[in-house]
Amino acid sequence: MPGDLSLPGIDVGATFGAEHVAKAKRYERFLYADWALAQVALLVTLVLYSRRGAAFMRESAAGPIGTGMFLGMLGLGIVWLVLLPFRIAAHWWDRRHDLSQLDYLSWLVDDWLVLAAEFLSICLALLVVMGLARWLGERWWLPGAAVFVGIAALFTFAVPYLDFTTKPLRDQTLLVAATRYERELGLPDIPIRVEKVSGQQKLANAYAYGIGPSRRVVLWDTILQDPFGPAEQKAVLAHELAHHSQRHLPKGVAWFALFAVPSAWILMRATRRRGGMGAPEAVPLALLVVTVLQLALTPAGNLVSRRMEAEADWKALEVTRDPDALEELMVGLSNTSLGDPSPPLWTQLLLGTHPTLADRVAMAHAWAEASR
Amino acid sequence: MQRSVRVVVRDPGLGQSRLTVFFRALLALPHLVWLVLWSVPATIAAWAGWLATLVLGRLPEPLHRFLAAYLRYDVHVFAYLFLAARRFPGFLGRPGYEVDLEIDPPAEQRRLGVLFRQLLASPAALLAIVIGSGLVWFALLAWWSALARGRRPAGIRDFTAYGLGYSAQHGAYTMLLTSRYPHAGPQLTLPSFELPPHPVRLRMTDDLRRSRLTVFFRLLLALPHLVWLWLWSIAALVAVVVAWLVALALGSVPQTLHRFLAAYTRYAAHVTAFVMVVGGPFPAFGGGARAYPVDLEIDQAAPQRRLVTLFRLFLAVPALILGYPLALALVLVAVGGWLYALVLGRVPEGLRDLGAAIVRYQAQTNAYLLLVTDRYPYSSPALATRASSEEPAPSLAVATS
């Protein structure tokens, strides 16, 4: 993507439809308010838990690390309970706008399963951190960060091999297009798979994951249906393959490493007064510190992500040579997800992992202009 | 504590005539038919009793007598059918049978409790159904054992008496013979029943208190333990194969292996107690002794009989069969304890004790399978251990609520 690329202005109302844009803004305004309130509730809860959470140590008969795991899980459990009304409100809003067909019970079960995965993850994280802290004292943060980067890399590499829910893409037109894009992007044969989400929601999406031999592209089956035609589907395919050609996933791990090292050091410093990360008493405070760090680093992380997405869009335009398809894809995505094409700046900074839909359409126009 | 409904086991002997054991189900047939016929007027009497108690505040004496006789007869019939009793019972439900039921005279009852009695009794009904279904399994094993050895296993007899006692409590409560809620605790229901000395014993220091928050997230909090237990069980499987070969050759399991397998057994008991809300705090990961309020005392390694070691897996089958209905009861204990603790911040003593007795039985079964001991698991729901002698106490007065 040219470094000096300046995006032309576009008429959002004319491109996406003025009535639709107004509706999308109304829809997203509620979610922004819900999210903001949830963050306040999250922080208040964690502040209280960081002060009182250590009292739950009497409910554990385990050793220091086991008790630390217990306090970590309990903290996540309390947060889950506190945030439940906000998530229910968001789900209710999605159902009201016909974006989700999941009934409340199934949604709750799914949410519970996610919480179970989070419980196991925090146990693993605390096992690493507390184990190292009890062994190395305050010097744990550097090897600790290294272990987490290693886990992130391993996770990124291994997750595609643990996927038993997707099926290979059967559409011959798309497969032929994928082969051409792979050749032009300098990629080997990347498996293209389809994930069935229709019946649960109407959102359309696709993603690239894996590193090296585990690289995959997954298309949600909703993107293979109306209103998306073959040209838009090819644009999605090219975009996801571009993530692989630009090595965005290993770069993501590298960015994580860049954030993880200072974060681990801050965590070490912040928990010092509670006896350091080797002591279970420090775990409630550590939860607060990690959450604050995550919130603080989210804008920076999103900036990196938006840059990568823009790069993938540009590469996709280069191989599809079809800016109209990218524009139609963005209009389609906005229609199916009720996405606001030009959201407020603060939400884009805090929540925007992709460029705005309007900016992506503008990029298609810019590419068309540049290629003339 | 004196309960208003009591099972009295008058014949402590375990011997049975093989012939009557062989035909037991058929011999009990006329009783079962008679019980079904009797249940028709008993149901009508129970409804009449409900209306009368709502109006008068106590069950009228004639109805109390009639329903008590019916319930007593029910206990006689099933004690005979399930081999807890030896002699053919009478048809009138008269007192004096070897496994008998004593019920206090009618007393004042609160009308609100009477009005919603069936609804209030439904949780106890669930447990009574599960325990009652479990008694069928116990009876089948008792049948085989009595046919082979001419006597019933004491543990199975104790559990059958306990199960009949609990069902009788439930029946008495729903028929308004008592206003006391059924109590699931084995040590209260069977104060005279004691466990024989065993190398794997329960040690309980739990105070019934539960943190509502940790109860709410109990299953999820147990996840790391379940993962760790699964990993540990792989190592335990390898260790037990080695222990089996060594025990076959030397006649005992080496101390190191014994310690490892005993710690695994103890840890599995801690985790089960935690998951099933029988224990309160989050357990330690090491399975150490005295590390949990629902703990196991496990004796040092002792010589084991080679023949028992050789056929250990096959010999454990009956214990595993009994473990199935007990596991179902434990799940019910967990659900009941979970709901109760969420509301009141403590678990009911009766449910906790029944759960603890099942955890102890499962731990003894594990210990037997894992060659920690060659003593067979003892299925009685009792919690207290007798100082010596394996024979049951001579007189077994059983108090049930």
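In which loop of chain A is P227(A) found? Please bear in mind throughout that what you see is a predicted model. P227(A) sits in the loop that runs between β4 and α7 of chain A, and the peptide bond that joins D226(A) to P227(A) is cis, with an omega of about 10 degrees.

In general, the strands of a sheet pair through backbone hydrogen bonds, either parallel or antiparallel. For β3(A) and β4 (residues 216–220) of chain A the sense is antiparallel, and the pairing extends over four bridges; within it, A206(A) has L219(A) in β4(A) as its bridge partner.

How is chain A divided into domains? Domain 1 is made of two segments, 17–156 + 244–371, while domain 2 covers 167–236. The centres of these two domains of chain A, taken over C-alpha atoms, are separated by 25 Å, and 24 residues of domain 1 of chain A are in contact with 24 residues of domain 2 of chain A. On the domain 1 side of that contact, α7, α8 (248–270), α9 (283–320) and α10 (323–337) of chain A each supply at least two residues, and the largest share, nine residues, comes from α10(A). By class, that side of domain 1 of chain A has 10 nonpolar, 10 polar and four charged residues.

For chain A as a whole, there are 12 helices and four strands. Its radius of gyration is 22 Å, close to the 21 Å that the globule rule gives for 372 residues, so chain A is as compact as a globular protein of that length. The C-alpha atoms of chain A fill a box of roughly 65 × 45 × 40 Å along the principal axes.

Now to chain B, which has 16 helices and five strands. With 401 residues, a compact globule would have a radius of gyration near 21 Å, and the 22 Å of chain B agrees with that. Its C-alpha atoms fill a box of roughly 70 × 55 × 30 Å, again taken along the principal axes.

The domain assignment of chain B gives domain 1 (5–182) and domain 2 (200–387), and their centres, taken over C-alpha atoms, lie 31 Å apart. Between them, 16 residues of domain 1 of chain B are in contact with 15 residues of domain 2 of chain B. Which element gives the most to the domain 1 side of this contact? That element is α6(B), with 10 residues, and the residues of that side divide into 12 nonpolar, three polar and one charged.

Helix α3 (residues 29–56) of chain B and helix α4 (residues 61–81) of chain B pack at an angle of about 150 degrees, with their axes 9 Å apart, and the crossing is left-handed. Among the residues that meet there are W38(B) and A42(B) in α3(B), and F66(B) and Y70(B) in α4(B). The residues of this contact divide into 15 nonpolar, two polar and one charged.

Finally, the two chains together: 16 residues of chain A are in contact with 17 residues of chain B. On the chain A side, α3 (64–96) and α4 (104–136) of chain A each supply at least two residues, with the largest share, six residues, coming from α3(A). By class, this side of chain A has 11 nonpolar, four polar and one charged residues.

Conventions:
Residues numbered from 1 in each chain as written. Chains lettered and ligands numbered in written order. Predicted model: local features only at pLDDT ≥ 70, side-chain atom pairs only at ≥ 80, totals over all residues. Contact = placed C-beta atoms within 7 Å. Nonpolar A, V, L, I, M, F, W, Y, C, P; charged D, E, K, R; others polar. Domains from an automatic or database assignment. Axes fitted to C-alpha atoms, helices over the stretch in contact; angles between N-to-C directions. Left-handed = near helix turned anticlockwise from the far one by under 90°. Pairing = 2+ DSSP bridges. Rg over C-alpha atoms; globule rule 2.2 N^0.38 Å.
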